[in-house]
Amino acid sequence: TLDRSSAASDVYKRQQYTVSAILHSGGVLYVSDQANVYHWNGSNMAAMGALASVVDLAADAAGKVVALSEFHGLNTWDGNAWIPLGIFDGWAGSMTIDSHGAMYVAGTFEHVNGIPAKKIARLDGVSWQALGSGIGGEWPMVTDLHVSEKGELYVGGLFRLAGGKPSNNIAVWLIDGDADGHPDRDDVCLLYTSPSPRDRTR
């Protein structure tokens, strides 16, 4: 059982910088700052390993901790060290994982591990793939991702194109149930922030 008061106090004393991400998975609390990722070992916050500028934490299908760093890409913890999963050629600021274990990362990048992917990409457990034609517009960026229980990938940020369709900063990729099982199609629903967030078209 996590002693919330003790954990919070220990985080406060040990963190040198502002807490950047928090994850609670498998009964364990994970916290990151600008220099390290820590886990609560029952009595204090223990450093797992140096990884700078972590902006998001998640647990994959196997329960392994995955960390997204602004400058060091996507990494997974193997129990002893951080193992790189993907390196981006631009800022990567958000990630999420779907019910099948596929990971999605978004930001301002154009490539991941040398593979073209405009601002958003998917890791299926083996290889990276672009999500259709990606995100576009003038200085586009994605700042948040969320997968719904229905297998829809909600994408939010600053952009005017999603999957080649006019958009207004928010869109939904239909990532589950594709007949061919591939995420490379521009199967996008658009959610317009004006005049009503309920205005949805295909």
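Let's start with Phe 109, which counts as buried at 0% relative accessibility; buried here means under 20% relative accessible area, with exposed over 50% and partly exposed in between, using a 1.4 Å probe and protein chains only. What you're looking at is a predicted model, where local features need pLDDT of at least 70, side-chain atom pairs count only at pLDDT 80 or more, and totals for chains, interfaces and linings use all residues. Residues are numbered from 1 along each chain as its sequence is written, and side-chain values use heavy atoms, with hydrogens and water left out.

The structure holds three aromatic pairs; rings of Phe, Tyr and Trp (for Trp, the six-membered ring) pair if their centres lie within 6.5 Å, and planes under 30 degrees apart count as stacked, over 60 as edge-to-face and the rest as tilted. In one of them, the ring centres of Phe 88 and Phe 109 are 4.6 Å apart and the planes stand at 40 degrees, so this pair is tilted. It ties together distant parts of the chain, 21 residues apart: Phe 88 is in the loop between strand S8 (82-86) and strand S9 (92-97), while Phe 109 is in the loop between strand S10 (103-107) and strand S11 (111-112). Strands (E, at least two residues) are DSSP runs, numbered from the N terminus. Phe 88 is buried too, with a relative accessible area of 12%.

Trp 128 leads us to a sheet. In strand S14, Trp 128 is the bridge partner of Leu 123. Three bridges join S14 to strand S13 (residues 120-123), and the two run antiparallel; two strands pair if DSSP finds at least two bridges between them. Together with two other strands they make an open sheet in the order S9-S10-S13-S14, with antiparallel pairing. S9 and strand S14 (128-130) are the edge strands, each pairing on one side only. Neighbouring strands of this sheet are turned by 25 degrees against each other on average, direction ignored; the axes are lines fitted to C-alpha atoms, and angles run from 0 to 180 degrees between N-to-C directions.

Now pick out Ser 94, found in strand S9. Is Ser 94 buried or exposed? With a relative accessible area of 2%, Ser 94 is buried. Leaving aside neighbours within four places in sequence, Ser 94 is in contact (heavy atoms within 4.5 Å) with Asp 56, Leu 68, Tyr 104, Val 105, Ala 106, Thr 143, Asp 144 and Leu 145. The C-alpha atoms of Ser 94 and Thr 143 are separated by 6.0 Å, although these residues are 49 residues apart along the chain. A polar atom of the Ser 94 side chain also lies 3.1 Å from the backbone nitrogen of Leu 145.

A nonpolar core is a set of buried Ala, Val, Leu, Ile, Met, Phe, Trp, Tyr and Cys residues joined through side-chain atoms within 4.5 Å. The largest one has 16 residues, and those with the most contacts inside it are Ile 120, Ile 135, Leu 145, Leu 153, Val 155 and Trp 173. S10, strand S16 (141-147), strand S17 (152-158) and strand S20 (170-174) each supply at least two of its residues, and S16 gives the most, with three. Apart from this core lies another, of 15 residues, among them Ala 58, Leu 74, Ala 92 and Ala 121. In soluble globular proteins, nonpolar side chains tend to be buried together.

What does Ile 120 touch, not counting residues up to four places away in sequence? Its partners include Phe 109, where we began, along with Ile 135, Leu 145, Leu 153 and Val 155.

Another serine is worth a look: Ser 69, in strand S6 (residues 65-69). Ser 69 counts as buried at 0% relative accessibility. Beyond neighbours within four places in sequence, Ser 69 is in contact with Leu 51, Ala 52, Ser 53, Val 54 and Ala 92.

Finally, head towards the start of the chain. Here four strands form an open sheet in the order S1-S2-S3-S4, with antiparallel pairing. Strand S1 (21-25) and S4 are at the edges with a single partner strand each, so one side of each has no neighbour in the sheet. The twist averages 25 degrees from one strand to the next. Five bridges join S1 to strand S2 (residues 28-32), and Ser 25 stands opposite Val 28 in S2. Five bridges also join strand S3 (residues 36-40) to strand S4 (residues 45-50), with Tyr 38 opposite Ala 47 in S4. The hairpin of S3 and S4 has four residues between the strands, and Gly 42 there takes a positive phi near 110 degrees.

How values were computed:
Polar contact = N/O pair within 3.5 Å; in protein donor to acceptor, adjacent residues only side chain to side chain.
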